[in-house]
Amino acid sequence: MDGKIMNNDVRIRNNAVQTYHGHEQETAGHTQWLHRLQGHLSAVKALAWCSFQSNLLASGGGGDDRCIKFWNTHTGACLNSVDTGSQNKNERELLSSHGFTQNQLILWKYPSMVKLAELNGHTSRVLFMAQSPDGCNVASGAADETLRIWNVFGTPETVPKAPYTGIFNSFNHIR
């Protein structure tokens, strides 16, 4: 709440190693940031790094924004912004979750952002998502007090044994 980030090393007795000041509100950051990425019209609710391009970051805005933005973290440039229409690993795909209107998960093709599938079932807004260790399934939790398991990316037998090449590991919902 005080806008600080505390760096703690739990291996030592006096574990508060460093305090950073940067934000004016409850989210804190380092004072020596590389880039200040701006452009969302409401709170940033989700972040995910690209697994095949280390300088590509996706961010998701809340209800007044509804956008997934793609950022080049080397330059700070916004590469693309896609309005998903709601609040919000085997191929180059992105899974986002949404609330209020349809309460669904949407699978997108990257980088075209063509909608590949809508996964419906929750009766209230989706709050969280997590991808299984094998990369095939996604668990979603919603305000309807349910967890749902979705087979989004195939079965383990059909997934190549090579390292995961999907775009964003469990892009948590566009909240």
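**A tour of selected residues**

Begin by selecting Ser132, which sits in the loop between strand E10 (126–131) and strand E11 (137–142); strands (E, at least two residues) are DSSP runs numbered from the N terminus, as are helices (H or I, at least four). This is a predicted model, in which local features need pLDDT of at least 70 and side-chain atom pairs count only at pLDDT 80 or more, while totals for chains, interfaces and linings use all residues. Residues are numbered from 1 along each chain as its sequence is written, and side-chain values use heavy atoms, with hydrogens and water left out.

Ser132 is buried, at a relative accessible area of 18% (buried is under 20%, exposed over 50%, partly exposed in between; 1.4 Å probe, protein chains only). Display its side chain next: a polar atom there lies 3.4 Å from the backbone nitrogen of Cys136.

Move to Leu37, in the loop between strand E2 (16–21) and strand E3 (44–49). Leu37 is partly exposed, with a relative accessible area of 31%. Apart from neighbours within four places in sequence, Leu37 is in contact (heavy atoms within 4.5 Å) with Leu57, Trp71 and Gly76. The C-alpha atoms of Leu37 and Trp71 are separated by 7.9 Å, although the two residues are 34 residues apart along the chain.

Finally, select Phe70, which is buried at 1% relative accessibility.

Technical notes
A polar contact is a pair of N or O atoms within 3.5 Å; within protein, one must be able to donate a hydrogen and the other to accept it, and residues adjacent in sequence count only if both atoms are side-chain atoms.
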